[in-house]
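Dear colleague,

Please find below the structure that I am handing over to you, followed by an account of what was found in it.

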Amino acid sequence: MTLDASRIAFRPYWWDIEEPLRQTHNDPLPPEADVVIVGGGFTGMAAALPLARAGKSVIIIEKSTPGYGASTRNGGINSASIRPSHHDLERHYGRDFADKIFLEASAARQDLEDFCQREKIDGKFKLSGWFKGAMSARDYDYLAHETDYLRETLNIPCHMISKADQHKEIATDRFYGGMVEEDVGGFHPSKFFAGFLRVITEAGVRIFEETAVHDIIDHASSGKIVITSKGKVHGGTVIVATNGYTGGREHKFSRFLRRRLVPVRSSIIVTEHLGEERVKALMPAMRMYGNTAELVTYFRPTPDGQRILLGARGAEAVPTIKTVNFLRKRLISILPQLSDTQIDYCWTGNVAFNRQLIPRIFTHDGIHYSSGYAGSGTVWARWCGKKLAEHILGQSNDPSILSGDITSAVPLYDGHPWFMPFVYSWYGLKDQINEWRHG
Ligand SMILES: Cc1cc2nc3c(=O)[nH]c(=O)nc-3n(C[C@H](O)[C@H](O)[C@H](O)COP(=O)(O)OP(=O)(O)OC[C@H]3O[C@@H](n4cnc5c(N)ncnc54)[C@H](O)[C@@H]3O)c2cc1C
C-alpha cells in the first residue's frame with residue numbers, strides 16, 4: 001500500500017494537548033539566582049524542584065521552549081533500562097555495582113509512580129509491564145538467565161513468555177518469546193511534562209525560554225557567571241541539563257560535556273486511528289514493547305489505546321517520508337497485519353550516550369551535570385535530576401550509584417558524531433548475524 005504523505009504530520013503526536021507546556025511570565029532575566037539550571041527538560045525540572053522547595057531561588061534557562069528537547073518527544077516508555085545487561089555490568093564493574101544499578105532502576109520506576117500520585121500529575125501513567133521480544137533463540141536464553149537472577153536474587157518482578165505463549169502478549173511470530181518486566185509503565189510524555197511544569201511553577205521556579213546559554217565562567221568571588229543570549233546571570237550553583245541537545249561549538253561552556261556525550265537520533269511514527277478493538281487484537285496485553293536487537297525498536301499502544309506508536313534509532317535530522325518508510329517497514333516486520341495502515345505522525349529527537357552507556361551524575365570545575373540516559377530517560381532523567389539536587393543540598397543519605405565518576409571523553413570527537421554511520425552499519429550487521437546464526 002502507498003502511504004498518503006499529505007496526511008502525515010511531521011511533529012510529535014504528544015504535542016496535541018490542551019494543558020500549557022510553557023510558563024506565562026514576561027520577567028527579564030534576573031541578575032542573580034541561587035541556582036541556575038541550563039536546559040528545561042525532565043532533568044532540569046527534577047533538579048529544580050527540591051532546590052526550590054528548600055527555599056533557594058531557582059531559574060531554568062532554556063534555549064527553545066520548555067520540553068522542546070527529548071522530554072516531550074519520547075516514546076513514553078518508563079523502563080529505566082540499562083543498556084548493558086546485568087551480565088555485562090558484572091563483568092566490567094563487579095556484581096555489587098550491577099545489582100545496585102538494577103535495584104536503583106526499580107526504585108526509580110516506583111518513585112515516578114509515587115511522584116505522579118503525590119503531586120497529582122495526570123500524566124496518564126499506567127503500570128502496564130514491558131515485553132522485550134527475543135530476536136533469536138540465543139537471546140531468549142540470555143533473557144531467561146537474566147530473568148532468573150533479577151527475580152530470585154534481586155526480587156525484581158519479571159517472568160519469561162515462551163514463543164508458544166507469545167500471542168497472549170503480541171500478535172506476532174517475529175520474536176522467539178521474550179521477557180516481561182512487570183514494574184515498568186508507560187505515560188503520555190507531554191501530559192506528564194505539563195503536570196511537572198505546574199508543580200515547579202507552584203514551587204517558584206521560573207523558566208526563561210528562547211534564551212541560549214553561551215558560556216559559563218568563574219565569578220570573581222564565588223559561583224559562576226552564566227552568559228546568555230539575553231544577558232548575564234550570577235548563579236551560586238550551576239547545573240547543566242542539556243543531555244542529547246548539548247549543542248555545538250557556538251556554546252563554549254558545553255565543550256567539556258560535548259566530548260563525553262554522543263547525541264543519537266531516535267525517530268517515531270504513530271499510526272492512524274485504529275480503534276481500541278483492533279489495537280487490543282494486535283497487542284492483547286496492552287504493554288510497552290521492545291526487542292533485544294542492538295538497533296532497538298520500541299512500540300506501544302498510545303495512552304488512549306486507539307493507535308500504535310513505534311520508534312527506532314537512526315533517522316535524518318529533519319524527518320521526511322524516507323524516515324516514515326524506514327519505521328513503517330519495522331512496524332510491518334513485527335505486525336504485518338498493519339500493512340494497509342496509514343501513518344499520521346512522524347518526528348525525531350536526540351538521545352545521548354556516554355562511553356559507559358549508563359547515566360552519570362557528576363561535578364566538574366564547580367558545575368554539576370546529569371546526563372547519558374542512553375534512550376531511557378523518562379525515568380532516569382527525573383530520578384538523576386532529583387538525586388543531583390539532594391547531593392547539592394547535602395541530603396545524600398542515600399546517594400545514587402550513578403553519582404561520582406566523570407565519564408571519559410570519546411577519542412577523536414568534539415560533538416560531531418562522524419562515526420555514527422559506521423556504528424549503525426556495525427550494529428545492523430551484528431543484528432543480522434544474530435538472527436541468521438542463532439535464530
Ligand atoms: C524520539 C525519542 C524517543 C525516546 N523514547 C524514550 C522512551 O520511550 N523511554 C525513555 O525512558 N526515554 C526515551 N527517550 C529519552 C528521554 O526522552 C530523554 O532521555 C529525556 O527526556 C532527557 O531529558 P533531559 O531533560 O535530560 O533532556 P532534554 O529533554 O533533551 O532537555 C535538554 C534541553 O536543554 C536545552 N538546551 C541545550 N543547550 C542549551 C543551551 N546552550 N542553553 C539553553 N538551553 C539549552 C535544549 O533545548 C533542551 O530542551 C526518547 C528520546 C527521544 C528523542
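The crossing of helix 2 with helix 3 is right-handed; a crossing is called right-handed if the near helix is turned clockwise from the far one by less than a right angle, and left-handed if anticlockwise. Helices (H or I, at least four residues) and strands (E, at least two) are DSSP runs, numbered from the N terminus. Please note that this is a predicted model, in which local features need pLDDT of at least 70, side-chain atom pairs count only at pLDDT 80 or more, and totals for chains, interfaces and linings use all residues. Residues are numbered from 1 along each chain as its sequence is written.

Helix packing

Two packed helices are described by the angle between their axes and the distance between the axes. Axes are lines fitted to C-alpha atoms, for helices over the stretch in contact, and angles run from 0 to 180 degrees between N-to-C directions. For helix 2 (residues 86-93) and helix 3 (residues 95-118), the angle is about 140 degrees and the axes are 7 Å apart. The two helices are therefore oblique to each other; angles under 35 degrees count as roughly parallel, over 145 as roughly antiparallel, 65 to 115 as roughly perpendicular and the rest as oblique. On the side of helix 2, His86, Leu89, Glu90 and Tyr93 meet Arg95, Phe97, Ala98, Ile101 and Phe102 of helix 3. Contact here requires C-beta atoms, placed from the backbone, to lie within 7 Å. By class, this contact has six nonpolar, one polar and two charged residues. Ala, Val, Leu, Ile, Met, Phe, Trp, Tyr, Cys and Pro count as nonpolar, Asp, Glu, Lys and Arg as charged, and the others, Gly among them, as polar.

Helix 3 also packs with helix 9, at an angle of about 85 degrees and with the axes 9 Å apart. These two helices are therefore roughly perpendicular to each other. Ala108, Arg109, Asp111 and Leu112 of helix 3 make the contact with Val379, Trp380, Arg382 and Trp383 of helix 9. Its residues divide into five nonpolar, no polar and three charged.

The ligand

Around the ligand are 44 residues, of which Gly41, Gly69, Gly75, Gly349 and Gly377 come nearest; a residue is near a molecule if its C-beta atom, placed from the backbone, lies within 6 Å of it. Helix 9 gives the most to this shell, with four residues. The shell divides into 16 nonpolar, 25 polar and three charged residues.

Individual residues

Phe253 lies in the loop between strand 11 (231-240) and helix 6 (255-258). Phe253 counts as buried because it has 22 C-beta neighbours inside 10 Å; the cut-offs are 20 or more other C-beta atoms within 10 Å for buried, 12 or fewer for exposed, and partly exposed in between, with C-beta atoms placed from the backbone. Beyond its neighbours within four places in sequence, Phe253 is in contact with Val213, Asp215 and Ile216. Arg249 is placed in the loop between strand 11 and helix 6, and with 11 C-beta neighbours inside 10 Å it counts as exposed.

Most residues other than glycine have a negative phi. Asn155, not a glycine, has a positive phi of about 65 degrees, and Leu412, also not a glycine, has a positive phi of about 55 degrees. Asn155 lies in the loop between helix 4 (137-152) and strand 5 (158-161), whereas Leu412 is in the loop between helix 9 and helix 10 (420-438).

Yours sincerely

Notes. Two residues are in contact if their C-beta atoms, placed from the backbone, lie within 7 Å.
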